[in-house]
2 protein chains.
Amino acid sequence: VLSWDNAVMMPNGGAEARAEQMATLSALHHELLTSPRIADDLDAAEQGRAALDAWQAANLREMRRIWRHATALPADLVEQRSRINARAEMVWREARAADDFALLRPHFEEVVRLVREVGAAKAEALGLEPYDALMESFEPDARKARIDPVFTRLAEAIPSLLDAVLERQAAASAPQRPKGPFPIEAQRGLAVRLMEALGFDFRHGRLDISHHPFTGGVPDDVRITTRYSEEDFAESLMGVLHETGHALYERGLPAKWREQPVGDARGMVLHESQSLLIEMQLCRSRDFLTFAAPLMRETFGGGGTAWSVDSLTRSAQRVSRGLIRVDADEVTYPLHVILRYRLEQAMLAGDLAARDLPGAWNDGIRSLLGVVPPDDRAGCLQDIHWPAGAFGYFPTYTLGALAAAQLFQAAKAALPDLAADVRQGSFAGLLAWLRDNVHGLGSRQSTDEILTAVTGEPLGADAFLAHLETRYLSDGD
Amino acid sequence: VLSWDNAVMMPNGGAEARAEQMATLSALHHELLTSPRIADDLDAAEQGRAALDAWQAANLREMRRIWRHATALPADLVEQRSRINARAEMVWREARAADDFALLRPHFEEVVRLVREVGAAKAEALGLEPYDALMESFEPDARKARIDPVFTRLAEAIPSLLDAVLERQAAASAPQRPKGPFPIEAQRGLAVRLMEALGFDFRHGRLDISHHPFTGGVPDDVRITTRYSEEDFAESLMGVLHETGHALYERGLPAKWREQPVGDARGMVLHESQSLLIEMQLCRSRDFLTFAAPLMRETFGGGGTAWSVDSLTRSAQRVSRGLIRVDADEVTYPLHVILRYRLEQAMLAGDLAARDLPGAWNDGIRSLLGVVPPDDRAGCLQDIHWPAGAFGYFPTYTLGALAAAQLFQAAKAALPDLAADVRQGSFAGLLAWLRDNVHGLGSRQSTDEILTAVTGEPLGADAFLAHLETRYLSDGD
């Protein structure tokens, strides 16, 4: 709630007091978690594991996992990290605005030094490779050895697929785009209507405005945010639908296990799979836009070619070689992630120095995507993650996209009427299926176990690549 | 922040989770405060008291006071109280809506039983009479022996003064009232403009909407709320100005002592004195309305007699024998408080049983104010305080009104240009004076010490009664 308020409500002058409040809660949390009593309780509970049912046993396993992470780092390292990352994040904002990597560099060198120290300490405590140990904070059980072949396959398959998609796209006329201005109140009204259709319950959530869209709150009070541009309603709307996917997951977590570790979302891969299933798989599809187009026309008084299902779908599925990850389409997105995945491992291993990052970035994005940033703002300064110390997070975006494709494929197989339902704006069947097969499971099983149970396969690239082929190189969906 | 959010932002479905969050923080707070380490630290600090400066010594005294209150009650009594009060508060909402005291009665009996238990435990721990011990939670050093003669004087003076005021009022024509509807956005705009004029800094605060107006947040991020009626802009506006007085106090607390007990507001008497100084003493005065009337006319496009300074002032100073405390004018308000002050002491002493409350209430309000409630909704069911377990709170409203009159009298003496400044909308001098003489002192001294230093007198009724005479029985202010 404090974070949500910070991003959505707080006046600027409250920043210092808020940072103090959050640091106090963090410190209390860490102190409680690492107190000897907790260790004793965990040991005692594990002695009695035989008496636990599956949920209880999973809960205990998750408690132990959280405890291992909390105790892996000495308190002074935790404190140092949060101070240095907060400072680097602040400087990053300036450096990005001024396109001045040199300004960030000394702070970023400190961040990388600490990441390496944290990685080593966590590796030691968890018995993992340092990069795996870092990924663990975001996605339990994520392992480089599992991800490498998947990402290699994507890096091999996507560039030629991208060529084909762009060639096909160029062969047709560009879709006309609806012309604004689109009043913000009307955009909000449409967003609320579609959120409700998808199953978002406003008795248990809100939609607000923040500079960067996010999902916050708790399962019984899920809060998503967006930002509006009067020139383009689709960007904000797709952002809202993306966050709605996150929100439906949170809301659907097992109510019986609220505030217990096993009741939490499994990890960032499944979380991102839910936002991308809703946004990319569902809402950018021709079926969904068949349902949504009349509502869009009604909301903004639109008419003519630009507002046809065909134009709206082709706009929603437009692909391009862009420089900015957050603006990327689903075809090129994995390439942005793979670049970061490689670079952050090189920095963690000490093979890439902070001062060499801009060059390595530009080389990498050229070789993967065929474009070169005109400046670092459109290059290695574009994301907050590294300055904020989040190494090992980026892969979860693309792993989430893969999981989304697998899950949506399985949902279509399980729900034969899904396409027809979607065209009529009926999503109850899909939501129930997600509740049963993903949301309601919380953290009882691993991501791979959850995926295998419902799709027959652990996390992989097949469904995702098949989806790209279908949507972008055949008659489309 | 959680409380503010609860009242202003939270969807209904979040209530249970929020209650859990707040209970968890409360329990942690209590546990930390009552841990043996704190007792040892306090003892050690008191050993070294000689080395402390005045602020540090006061801070230590306040720490000890907070500690004494926290340790006065056994944990199970605290837990029981919060459970029973929360339940009674919920039932009270129903009972008030249904005008059904019998519905509340069994819960209220439990509340009273616990208040008596709490009073006895606190009396024992603090070495005070039970009622004094209860008042201490809201106003440190409040003592029945000091308040009784002051309230007796008010109870003697006000009824005849009220007769004279009403007679004088009846002799003149009733003021015309501006006619609505008054659009809510326009009301908010006017409120913001006047808040800013008074010194409210929106970089460090917000104005929002809630069912019951209140001031929340922290000194660097003070949040006030109001509610709007399209029929009457004055009620909401005066509410906003009242909360602005609370907000200016919070914002002016000594920055050097943030998050330290000595940096907190002194107590509810000075807090209420600040809201009433701004609302009653300042903003309902002819001088203030001379400044505000043109802004009101401009905001709502008003014109004619109803919008004259004279009509607006006479409306703002209208007196009547009403039944509802929160709607009461400043002449009759003390009578509402004195009734509650007497009744809650009788309940605490065991001299008045819960079942006899409605009758005692109606007898009391008739004898003090000459009116009889048609039902308990307009009688003993009107306030949330007792069902919520807040015994000893009511007197602070009237003590605050007395302090406001004393302080404003002193401010006028210290600032010879005040009246002229106010007519021109210049409040910087007044705010600086309040910062120096009240806000910036935090809890360094007692309420009586603060008042004596600046007014030459401890808390008393002279200035207040003189103010009533001047405003309502002479040429007015």
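Predicted model: local features only at pLDDT ≥ 70, side-chain atom pairs only at ≥ 80, totals over all residues.
Local features are given only where pLDDT is at least 70 and side-chain atom pairs only at pLDDT 80 or more, while totals for chains, interfaces and linings use all residues. Residues are numbered from 1 along each chain as its sequence is written, chains are lettered from A and ligands numbered from 1 in the order in which they are written, and side-chain values use heavy atoms, with hydrogens and water left out.

Chain B is superposed on chain A by a rotation of 180 degrees, and the area buried between the two chains is about 2000 Å².

**Relation of the two chains**

- The rotation of 180 degrees that places chain B on chain A has 0.0 Å of shift along its axis, and the RMSD is 0.0 Å. The superposition is by least squares on the C-alpha atoms of residues with pLDDT of at least 70 in both copies.
- The two copies are thus related as by a two-fold rotation axis.
- Of the interface residues of chain B, 100% are also interface residues in chain A, so the copies meet through the same surface.

**Extent and composition of the interface**

- In the interface, 27 residues of chain B are in contact with 27 residues of chain A; contact means heavy atoms within 4.5 Å.
- Carbon and sulfur atoms give 61% of the buried area of about 2000 Å². Buried area is the accessible area (1.4 Å probe) that two parts lose on being put together, summed over both.
- V1(B), M9(B) and P11(B) supply 23% of the area that chain B buries against chain A, more than any other three residues.
- The rule finds 8 residue pairs in polar contact across the interface, with both residues at pLDDT 80 or more. A polar contact is a pair of N or O atoms within 3.5 Å; within protein, one must be able to donate a hydrogen and the other to accept it, and residues adjacent in sequence count only if both atoms are side-chain atoms.
- The elements giving two or more residues to the side of chain B that touches chain A are α1 (2-8), α2 (15-33), β1 (205-209) and β3 (221-226) of chain B. Helices (H or I, at least four residues) and strands (E, at least two) are DSSP runs, numbered from the N terminus.
- The largest share of this side, 7 residues, comes from α2(B).
- The residues on this side of chain B comprise 12 nonpolar, 6 polar and 9 charged. Ala, Val, Leu, Ile, Met, Phe, Trp, Tyr, Cys and Pro count as nonpolar, Asp, Glu, Lys and Arg as charged, and the others, Gly among them, as polar.

**Salt bridges**

- Over all chains, the whole structure holds 68 salt bridges, a salt bridge being a side-chain nitrogen of Lys or Arg within 4 Å of a carboxyl oxygen of Asp or Glu.
- Across the interface of chain B and chain A there are 4 salt bridges. R18(B) forms a salt bridge with D221(A), with the closest N and O atoms 3.8 Å apart.
- Within chain B, E298(B) pairs with R193(B) at 3.1 Å between the closest N and O atoms. E298(B) lies in helix α12 (residues 286-300) and R193(B) in helix α9 (residues 184-198), so the pair ties together parts that are 105 residues apart in sequence.
- E298(B) is exposed at 53% relative accessibility, whereas R193(B) is partly exposed at 37%. Buried means under 20% relative accessible area, exposed over 50%, and partly exposed in between (1.4 Å probe, protein chains only).
- E279(B) and R284(B) form a salt bridge whose closest N and O atoms are 2.8 Å apart. E279(B) is buried at 8% relative accessible area, and R284(B) is buried at 17%.
- R366(B) forms a salt bridge with D363(B), the closest N and O atoms being 3.2 Å apart. Both residues lie in helix α15 (residues 357-369) of chain B, 3 residues apart, about one turn of the helix.
- R366(B) is partly exposed at 43%, and D363(B) is partly exposed at 45%.

**Buried residues of chain A**

- T332(A) is in the loop between α13 (309-316) and α14 (333-349) of chain A and is buried at 0% relative accessibility.
- Leaving aside neighbours within four places in sequence, T332(A) is in contact with L162(A), V319(A), S320(A) and L369(A).
- V192(A) lies in helix α9 (residues 184-198) of chain A and is buried, with a relative accessible area of 17%.
- Leaving aside neighbours within four places in sequence, V192(A) is in contact with F202(A) and L207(A). The C-alpha atoms of V192(A) and L207(A), 15 residues apart along the chain, are separated by 7.8 Å.
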